[in-house]
Amino acid sequence: MHNKILRDFIKGCLVEDIGDGDHSSLACIPDGAEGRARLLVKEAGVLSGCHIAGEVFRIIDKNIEFEPFISDGSKISPGDIVFHVSGKVRSILKSERLVLNIMQRMSGIATSTNQYVVKLKGLKTKVLDTRKTTPGMRFLEKEAVRAGGGMNHRMGLYDMIMLKDNHIDYAGGIEDAILNTKEYLSGTNKNLKVEIEARNLNDVRKILETGGIDRIMLDNFNLNDTREAVKLIGERYETESSGGITLETIRAYAECGVDFISAGALTHHIKSLDMSLKAF
């Protein structure tokens with residue numbers, strides 16, 4: 001993760017939260033008062049965001065001492081203590097909500113992702129996230145997916161070419177979309193992987209006739225058509241299933257032989273994991 005992106009994100013969050021001062025703490029906590037707090041886990045799951053919490057504390061007060069006990073990606077249970085923090089009480093209180101918001105959301109994503117990963121145990125298929133993320137928090141949410149054992153798809157529009165249904169329709173069809181892409185990559189000297197969406201088996205056949213891509217996304221295919229598509233594609237290109245695949249159906253799709261399954265739910269249908277920061 002780029003340190004500047006993280007620092008800028010944290011500083012922006014603090015401006016949003018603190019404004020012209022944490023008046024609750026200023027009103028009742030003496031300036032020099034020191035204290036300790038610990039992060040208490042209240043729900044089972046997978047931890048993510050602990051090192052981000054340390055950075056939040058450091059940005060607010062470089063003299064704060066942060067002592068982590070559990071690393072990101074670890075399984076956690078109610079009663080676990082993730083870290084201790086000590087220093088100026090006002091600094092701890094300024095940090096509290098931002099630390100919890102980040103860690104609870106990231107740990108919720110890691111926990112959800114891990115449930116999908118466990119369903120695929122013993123199979124070659126990998127779980128991918130999507131661009132369905134919270135604006136401004138994508139880099140954190142995708143890190144949380146990795147903590148849960150999943151893999152990142154592209155980070156944005158800049159690091160991979162993905163020809164979806166609208167691209168294909170606007171370009172004039174599958175063949176034109178692919179040929180235009182090949183020309184663009186050649187003219188710009190860009191080395192980007194190319195994925196293209198197939199809406200049905202006829203699309204798969206047209207893509208195979210045209211070639212020039214790296215991965216075929218089977219969008220909203222049923223299980224029978226997925227099996228047929230995998231058979232048609234063989235080892236020529238990577239395959240990815242996408243569209244409405246749930247925790248209940250993911251293994252059945254993986255058993256069709258696809259290389260990847262992408263699930264937007266990893267980052268946009270999540271429940272934050274319950275934690276609290278307590279003085280002690």
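Q: Which residue follows α7, and what is its phi like?
A: α7 is followed by N189, and the phi of N189 is positive, near 55 degrees. By the way, this is a predicted model: local features need pLDDT of at least 70, side-chain atom pairs count only at pLDDT 80 or more, and totals for chains, interfaces and linings use all residues. Residues are numbered from 1 along each chain as its sequence is written, and side-chain values use heavy atoms, with hydrogens and water left out.

Q: How many residues does α7 have, and how far does it reach?
A: Helix α7 covers residues 174-188, which is 15 residues, and reaches 21 Å from its first C-alpha to its last. That is close to the 21 Å expected at 1.5 Å a residue (the expected span is 1.5 Å times one less than the number of residues). Helices here are DSSP runs of H or I with at least four residues, strands are runs of E with at least two, and both are numbered from the N terminus.

Q: Which residues of α7 are buried?
A: I174, A177, I178, T181 and L185. Buried means under 20% relative accessible area, exposed over 50%, and partly exposed in between, with a 1.4 Å probe and protein chains only.

Q: What do the buried ones pack against?
A: They pack against β7 (161-163), α6 (165-171), β8 (194-198) and α8 (201-210). Contact means heavy atoms within 4.5 Å.

Q: OK, β7 and β8: how do they run, and how many bridges join them?
A: They run parallel, with three bridges joining them. M162 stands opposite E195 in β8. Two strands count as paired if DSSP finds at least two bridges between them.

Q: What sheet has β7 and β8 in it?
A: An open sheet of six strands, in the order β6-β11-β10-β9-β8-β7, with parallel pairing. The edge strands are β6 (126-128) and β7, and each pairs on one side only. The twist averages 25 degrees from one strand to the next. For angles, axes are lines fitted to C-alpha atoms, for helices over the stretch in contact, and values run from 0 to 180 degrees between N-to-C directions.

Q: Which helix lies across β9 and β10?
A: Helix α9 (residues 223-233) does, running at about 165 degrees to β9 (215-219).

Q: New topic: what about the antiparallel sheet, what's its strand order?
A: Four strands form that open sheet, in the order β3-β5-β1-β12. β3 and β12 each have a single partner strand, so one side of each is left without a neighbour in the sheet. Strand β1 (residues 34-41) and β5 pair over six bridges, and the bridge partner of A37 is V85 in β5.

Q: Which strands does α4 lie across?
A: α4 lies across β1, β5 and β12, at about 155 degrees to β5.

Q: And the whole protein: how many helices and strands?
A: Eleven helices and twelve strands. Buried residues make up 47% of the 280 residues. The C-alpha atoms fill a box of roughly 75 × 40 × 25 Å, taken along the principal axes.
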